[in-house]
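Here is my note on the model you sent. Please keep the structure open while you go through the points.

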Amino acid sequence: MTTDSSRPLEIDTSKAHPARVYDWLLGGKDNYPVDEAVGRTLPPEAHDAARQNRAFMNRAVAHLAAQGIDQFLDIGTGIPTEPNLHQIVQRTVPTARVVYADNDPIVLRHAEALLVSRPEGATDYIQADVRSPEEIVRHARGILDFDRPIALSLIALMHFVPDDQDAHGIVRRLVETLPSGSHLVLSHAAIDLFPELAEQVIEQYAKGGIRLGFRTRAEVARFFDGLELLPPGLVTATEWAGPGLEHPEPEESGIYAAVARIP
């Protein structure tokens, strides 16, 4: 595995960070009191949402690997939580190549220790923000072949990019770099499924200095404009299972999720 080590490792422990709050919600230990403080103000459903997002990612990338996709670009990776994306896909495709990106330097510290590829494949990491998609793509070209299909994974990420930061434009720019036959894997918090809970989460994150942009189903669907949604389409995270995959146990979810093919 290689990583981008051109930037100094400066972890700001005075401000909460989404990756570390998410780690706390998943029961991890790689977070700080400021992150835990935000997490403890969130409703119990936030723990469920974190777990549901991980499970959706597992099912989605396993399905794509089974279809022969062997290149993955995962942005908003978060602190490593096994099984990581490369571990899932390399079970099926040992030669799979994976590029991870996240903007929290603590993820870089753990990436160097934990994101170890099978010898037949490769993993790579860049500390970068999704709001700089060109930087991520430029780095990814060093390990991924952009003339062959790539799966772009944006799990529980874009609701941290409010509308005034051009969330839809960012995803469109990323998708436009990918060749035909690539896929977009995306999950996103809903504002319209459980509105009161959603507003509570938005308010508590805001108190921790983190802005959120939860969206309606129609607004989430816009991320997939021009793409071919795989069955079962845009559904909640616990309703998504690709063809031939075992369906998860029925469970309420405030997360939209889908996988789409780039024509």
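1. P232 sits in the loop between β7 (228-229) and β8 (235-236). Helices (H or I, at least four residues) and strands (E, at least two) are DSSP runs, numbered from the N terminus. The peptide bond joining P231 and P232 is cis, with omega about 10°. There is another cis bond to look at, from E82 to P83, with omega near 0°. P83 is in the loop between β2 and α4 (85-92). Most residues other than glycine have a negative phi, and most peptide bonds are trans.

2. A word on the basis. This is a predicted model: local features need pLDDT of at least 70, side-chain atom pairs count only at pLDDT 80 or more, and totals for chains, interfaces and linings use all residues. Residues are numbered from 1 along each chain as its sequence is written, and side-chain values use heavy atoms, with hydrogens and water left out.

3. Next, the loop between β5 and α7. A156 is found there. Its phi is near 50°, a positive value in a residue other than glycine. A156 is buried, with a relative accessible area of 12%. Buried means under 20% relative accessible area, exposed over 50%, partly exposed in between (1.4 Å probe, protein chains only). D166 lies in the loop between β5 and α7 too. Phi of D166 is also positive, near 65°. D166 counts as partly exposed, at 38% relative accessibility.

4. Which residues of β6 are buried on each side? H183, V185, S187 and A189 are buried on one side, and L184, L186 and H188 on the other. In a regular strand the side chains alternate between the two faces of the sheet. For strand β6 (residues 183-189), 7 of the 7 residues are buried, so the strand is largely enclosed by the rest of the structure.

5. Now the partners of β6. Two strands pair if DSSP finds at least two bridges between them. Strand β5 (residues 151-155) runs parallel to β6, with 5 bridges. Within this pair, L154 has L186 as its bridge partner. Strand β9 (residues 255-261) is antiparallel to β6, and 7 bridges join them. There, A257 in β9 stands opposite S187.

6. β5, helix α7 (residues 167-176) and β6 form a right-handed β-α-β unit. A crossover is right-handed if, with the strands pointing away from the viewer, the path from the first strand over the helix to the second runs clockwise. In α7, 7 of the 10 residues are buried, so the helix is largely enclosed by the rest of the structure. These are A167, H168, G169, I170, V171, L174 and V175. Their cover includes β2 (71-75), α6 (133-140), β5, β6 and α9 (217-221). Contact means heavy atoms within 4.5 Å.

7. How many salt bridges does a search of the whole structure find? It finds 14. A salt bridge is a side-chain nitrogen of Lys or Arg within 4 Å of a carboxyl oxygen of Asp or Glu. One of them joins the side chains of D35 and R20, at 2.7 Å from N to O. D35 lies in helix α2 (residues 33-41) and R20 in helix α1 (residues 18-25), so the pair ties together parts that are 15 residues apart in sequence. Both D35 and R20 are buried.

8. R20 also meets D104 in a salt bridge, at 3.3 Å from N to O. D104 lies in the loop between β3 (97-102) and α5 (105-114) and R20 in helix α1, so this pair ties together parts that are 84 residues apart in sequence. D104 is buried, with a relative accessible area of 1%.

9. Another salt bridge pairs E134 with R173, the closest N and O atoms being 3.1 Å apart. The pair links distant parts of the chain: E134 is in helix α6 and R173 in helix α7, 39 residues apart. E134 is partly exposed, with a relative accessible area of 43%. R173 counts as partly exposed as well, at 33%. As for R20, D35 and D104, salt bridges that share partners join them into one network.

10. Last, a helix pair. α1 and helix α3 (residues 45-66) pack at an angle of about 100°, with their axes 9 Å apart. That makes α1 roughly perpendicular to α3. Angles under 35 degrees count as roughly parallel, over 145 as roughly antiparallel, 65 to 115 as roughly perpendicular and the rest as oblique. Axes are lines fitted to C-alpha atoms, for helices over the stretch in contact, and angles run from 0 to 180 degrees between N-to-C directions. Y22, W24 and L25 in α1 meet A46, H47, A50, N53 and R54 in α3.
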